[in-house]
Amino acid sequence: MNKVKIGMLGIGNIAKGTYRTLELSRKKIEDSTDVSFEIVKILNRRPDVDRGIDIPKEKYVTDVNEILDDPEIDIVVELIGGIEPATEYMAAALSRGKHVVTANKAAIAANGEMLQRIAQENHAKLRFEASVGGGIPIINAITTALLSNEFTEVLGILNGTTNYIMTQMTEYGKDYAEVLKEAQEKGFAEADPTADVEGIDVANKLSILISLIFGLYIAPDDIPTQGITSITTEDIVTANDFGYKIKLLASAKMVEEGKISCNVLPCFVPADHPLAVVNNEFNAIYVTGNAVDNLMFYGKGAGPLPTGSAVMGDIIGIGKSMGKDAAYDKNPLLRYDADLDFVGEGENQYYIRVTAIDKPGVLGAVASTFGKYHVGIESMVQRAGQNAGKDSVPLIFIVYKTDRKVLDQALNELIENNYVESVDNVLRVQE
């Protein structure tokens, strides 16, 4: 039986989940692969802290070089997170000919091309299944079983924290602050939830998916991104009235020959769309290929054991290929060679909620201004609500497909002409 020795960087939740996954399924893994996998060293800067897991203390090291410089370690598993020093450690491991497995979406989105190049130069593999969908094996599916497809679109719910919050607000009428606190208490949200609720986490994952599916690198900071912090009960009620649910979606699609649009935005999703029923901490990724048509991958997108399962899947894949002397990539997974132009957010339908001046002629002026910018109105609702008897009133529109920049110009003109006091929300409407 071949033996594969592993050095693990970090002992947080995902690292513990990976360790437990290996121990839970060791016999099955060995019987299926004829490979023995052993985590021999674990980087733990504070070995005296109780980590809530029974690991022999002799496996812990406090100096990362004890792992990077160990000639007997075949695979380095990076699970410390963040861009640095994680990227530095992965680059060092790859340059020494060690294979690397990571769940680090921020580092892969920022430095995947460089890390992949170092891996190729040193006949090593870089694997990152757990970086996009947690326990959902989307990267393996795209790069193996679905490789014969030309993809035209990827659409997904890629963050369990935001999906949990939106589900609770929708199903139980809770407000954002209340649900966020609840999510933090249950461990679904970090003490600082910014990366999740502002869409940053999803933008990193979408950047990786675009490289895999379309062969184009779009930096996460260049992806039009909006989080869920502006969503109110009024938006959710209106969505329901129009036959939609609100979800934070990552979207990338071919809009015409040679052009791709992408965004991370809260969206009105039709109630009969498969993504509309993906609730709480679950994630889903919906892809469209020219051969398979529409496919949806569904499961837990986070959590120690689901993510640990994906990490172990990468480890097992590398271990099996080592026995066949095929443990490096002639053709890398991430691609940056497509002849495509990035056109930003693209043209979409939008839901718009504004607070308008309540006086004769304003509604006509709003419609006229939209018309000036060729923004067609599909639906319009005026609700008095809490503004009854006041000088302003909420107006709600769903407009036909338009460019976001053009729409923003129209909305700015409405404010400049004192027809609208404020633009309270603009959300994309998914087809």
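The structure is a predicted model, in which local features require pLDDT of at least 70 and side-chain atom pairs count only at pLDDT 80 or more, whereas totals for chains, interfaces and linings use all residues. Residues are numbered from 1 along each chain as its sequence is written, and side-chain values use heavy atoms, with hydrogens and water left out.

The secondary structure of the protein comprises 15 helices and 16 strands, taken as DSSP runs (H or I of at least four residues for helices, E of at least two for strands) numbered from the N terminus. Along the principal axes, the C-alpha atoms fill a box of roughly 80 × 50 × 35 Å. Of the 431 residues, 55% are buried (under 20% relative accessible area, 1.4 Å probe, protein chains only).

Helix α7 (residues 138-145) packs against helix α11 (residues 200-214) at an angle of about 10°, with the axes 10 Å apart, the axes being lines fitted to C-alpha atoms over the stretch in contact and the angles running from 0 to 180 degrees between N-to-C directions. The two helices are therefore roughly parallel (angles under 35 degrees). In this packing, I138, I139, I142 and T143 of α7 meet L209, L212 and I213 of α11, with contact meaning heavy atoms within 4.5 Å. The residues of this contact divide into 6 nonpolar, 1 polar and no charged.

Definitions and conventions: Parallel < 35°, antiparallel > 145°, perpendicular 65-115°, else oblique. Nonpolar A, V, L, I, M, F, W, Y, C, P; charged D, E, K, R; others polar. Buried < 20%, exposed > 50% of the residue type's maximum accessible area, 1.4 Å probe, protein only.
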